[in-house]
Amino acid sequence: MSGSLGTEILKSRRDEIESVRGTSVTSSKFTKWKRDTEIAIERVFSSDSRHSNDFKGISYTPSSYMMDNPEPAFASALHMGLDQAQAILSSMIDEIDTYGLPDDLKVAAPDMLSLIEKICQKLHVAARQLRNRHSGRPTLEINDEYDVQDLLHAFLRLHFDDVRPEEWVPSYAGSSSRTDFLLKIERIVIEVKKTRAGLDDRKLGEELLIDREKYQKHPDCDTLVCFIYDPTAKVGNPGGLARDLEDHQGSLRVRVIIAP
């Protein structure tokens with residue numbers, strides 16, 4: 001990415017701040033601005049840069065000692081947080097204008113979600129190939145979700161340094177669960193489902209909607225990838241299922257991958 005394009009992107013995010021001052025931290029407009037700005041900074045610099053961390057460290061809500069009068073406290077905290085965001089974005093713009101972008105950042109960083117999607121989309125091809133081992137040797141048969149997890153885990157290890165299986169998720173609605181994989185550095189959780197008899201679109205959607213609410217509370221998760229392995233095409237409306245899960249007002253980014 002060129003320095004001029006990076007400057008243009010950051011200026012557009014800074015210029016939009018005034019349009020969200022009269023909103024609240026729970027409004028869809030503020031949520032979209034904050035998420036869009038985080039993505040912009042990640043694309044200009046990188047997801048693990050100081051720039052991203054500085055922006056994500058901004059607080060838009062009041063501390064407990066300010067809560068004697070909640071409504072003004074929330075409005076004031078939002079105003080101060082936006083002022084800080086404006087100052088940080090201005091500093092980033094000045095940095096690019098003065099020093100340019102480092103050479104190693106001019107090449108676009110890998111799109112981790114696209115990489116994960118490619119792995120998931122190709123998993124069925126790999127599973128089919130594994131059935132044809134030399135001299136009929138034993139192989140991995142994909143019979144249930146655990147088999148899908150084992151094969152996916154192997155592929156994730158090829159591309160990611162820190163893959164943590166089955167991390168605990170905070171309790172939600174009186175229960176607790178375990179995630180399938182946490183990519184801690186990338187702050188991505190991958191939830192794996194395999195279609196089977198009795199697990200129709202409605203039931204699958206209900207399970208994943210509950211999971212989505214749980215992952216909102218995970219301290220190391222910014223993005224939830226719902227990978228649905230559907231080798232026998234049991235999902236009748238994959239587009240509708242994906243839209244229902246990805247279209248929401250929360251801060252958690254959701255990507256649904258249904259394959260093959």
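The structure described here is a predicted model, in which local features need pLDDT of at least 70 and side-chain atom pairs count only at pLDDT 80 or more, while totals for chains, interfaces and linings use all residues. Residues are numbered from 1 along each chain as its sequence is written, and side-chain values use heavy atoms, with hydrogens and water left out.

Helices (H or I, at least four residues) and strands (E, at least two) are DSSP runs, numbered from the N terminus. Helix α7 (residues 112-130) packs against helix α8 (residues 145-159) at an angle of about 125°, and their axes are 10 Å apart. Here an axis is a line fitted to C-alpha atoms, for helices over the stretch in contact, and angles run from 0 to 180 degrees between N-to-C directions. The two helices, α7 and α8, are therefore oblique to each other. Their crossing is right-handed, a term for a near helix turned clockwise from the far one by less than a right angle, with anticlockwise giving left-handed. On the α7 side, the contact (heavy atoms within 4.5 Å) includes Leu 115, Ile 119 and Cys 120, and on the α8 side its residues include Val 148, Phe 155 and His 159. The residues of this contact comprise 12 nonpolar, 1 polar and no charged. In this scheme Ala, Val, Leu, Ile, Met, Phe, Trp, Tyr, Cys and Pro count as nonpolar, Asp, Glu, Lys and Arg as charged, and the others, Gly among them, as polar.

Next comes the sheet. Strands of a sheet pair through backbone hydrogen bonds, either parallel or antiparallel. This open sheet has 5 strands in the order β1-β4-β5-β6-β7, with mixed pairing; two strands pair if DSSP finds at least two bridges between them. At the edges stand β1 (163-165) and β7 (253-259), each with a single partner strand, so one side of each has no neighbour in the sheet. On average, neighbouring strands are turned by 20° against each other, direction ignored. Strands β1 and β4 (residues 181-183) run antiparallel and are joined by 3 bridges, and Arg 164 has Leu 182 of β4 as its bridge partner.

The contact of α9 with α10 divides into 5 nonpolar, 1 polar and 3 charged residues.

Two backbone details complete the picture. The peptide bond from Ala 259 to Pro 260 is cis, with omega near 5°, and Pro 260 lies in the segment after β7. Arg 187, in the loop between β4 and β5, has a positive phi of about 60° although it is not a glycine.

How values were computed: Parallel < 35°, antiparallel > 145°, perpendicular 65-115°, else oblique.
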